[in-house]
Amino acid sequence: MDGVHDMGGMHGFGKVEPEQNEPVFHEDWEARTQALYRAMSYAGVWVIDQARFARERLPPDVYLASSYYKKWELGMEKQLAELDLAGRDELAAGHALRPGKSLKRKLSAAEVPNVITRGSFARPAQKPARFKPGDRVRTKNIHPKTHTRLPRYARDKVGVVEALRGCHVFPDTVAIGKGEDPQWLYTVLFDGRELWGESAEPSLKVSIEAFEPYLELA
Amino acid sequence: MEQKHEHHHDDEHGSELSEMQLRVRALETVLTEKGYVDPAALDAIIEAFETKVGPHIGARVVAKAWTDPSFKRALLDNATKAVLALGLINRVGDHLIAVENTPKLHNMIVCTLCSCYPWEVLGLPPVWYKSAPYRSRAVNDPRGVLADFGVTLPADTAIRVWDSTAETRFIVLPLRPKGTEGWSEEKLASLVTRDSMVGTGFAKQPGEVA
């Protein structure tokens, strides 16, 4: 979706402000939010692109005004309500008002060391890759109202396939419950001027990780 | 910085808890009562993020690459495999990709769409990495972003920005500082900063560590 989360190239957000000796979490609730997200992921209630899509669907003013972990928390509340796993009324009451549903599994403390890792998204290929390194490709001019990982600044642009990264879960379908539909993934490299015009710094090159359905031969 | 503005005290109810403390407490209580999560597991997850994963892992990977040419080749060829073989962590997600800085090329990592970050090797991302200024500007004004970090690249060094738009993750192999010949891997690792592995900084100079 063409939302405010798709920030590449936007103006007006100001300077980057690094913080000296930054703690892992600034507040206890941030740590609990991170942990709740991981535990519910383990329970099989959502996959990463569904969680991303929930955050992207927050109202734009809320998205922009919320800290990173606040977005995570609001995204979880939204998904839990949509999946009928925890109601808004229960979150408002601060207690369960109905019994829980049966989930795939429940994370125990003993299992934690084995799950503090990112998931695996590579899948067996369904067909041969359409492009190879060196191919000139044009990204499609798509504007789905649902989740996509093709950023706006890199749509309808010509780049070069730099590498083939294997076949991966396709975010655009898995986010909306239409299955993993694995697709070939490429690193596609663009000249800064192709993306930003004459004002681009001459030496700049930018790459995106592009799924095959985002691309056509240039 | 954004997270410092989260204290909305609930004066009406005389509570000292912020809105987010209350919301997260309610969420955890409901999910625990429904039998979905075990608070002890949540404690263990937080402990792991606070004490086990962090940029010290990436720093060891970089120091090894600086001292062992065959490891460096393996790392640049397939970082997932090479990092696993080091035995510092027991699993690496698909795929970790290491990109090498040279005097003529500087790499920088961003995720413009959310905040994807190679946390298995660098720990959880800092607030600035997740902020709108970084996510918006890294792809079209990387030198300006570097200036915000007090970093100036030579004018003839080209910039390559990697936007992490899929489940591939990137770690920058920074330039080894001069004057570190003969240093042990461990001593070299002390020069490798988190920012140097994201591409918003350089490794420390020998004079900057004891």
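**Exercise 1.** Identify the bridge partner of Ile208(A) in β3(B).

*Solution.* The partner of Ile208(A) is Asp163(B). The model is predicted, local features need pLDDT of at least 70, side-chain atom pairs count only at pLDDT 80 or more, and totals for chains, interfaces and linings use all residues. Residues are numbered from 1 along each chain as its sequence is written, while chains are lettered from A and ligands numbered from 1 in the order in which they are written. Strand β3 of chain B covers residues 158-163, and β4(A) pairs with β3(B) in the parallel sense over four bridges; pairing requires at least two DSSP bridges between two strands. Helices (H or I, at least four residues) and strands (E, at least two) are DSSP runs, numbered from the N terminus.

**Exercise 2.** Determine which element gives the most to the side of chain A that touches chain B.

*Solution.* Begin with the totals: 74 residues of chain A are in contact with 69 residues of chain B, contact meaning C-beta atoms, placed from the backbone, within 7 Å. Elements giving two or more residues to this side of chain A include α1, α4 and β4. Of these, α1(A) gives the most, with ten residues.

**Exercise 3.** State how the axes of α1(A) and α4(A) cross.

*Solution.* Helix α1 (residues 28-42) and helix α4 (residues 68-82) of chain A have axes, lines fitted to C-alpha atoms over the stretch in contact, that come within 9 Å and cross at roughly 45 degrees. Therefore α1(A) is oblique to α4(A), as angles under 35 degrees count as roughly parallel, over 145 as roughly antiparallel, 65 to 115 as roughly perpendicular and the rest as oblique. The contact includes Tyr37(A) of α1(A) and Trp72(A) of α4(A).

Terms used. Axes fitted to C-alpha atoms, helices over the stretch in contact; angles between N-to-C directions. Contact = placed C-beta atoms within 7 Å.
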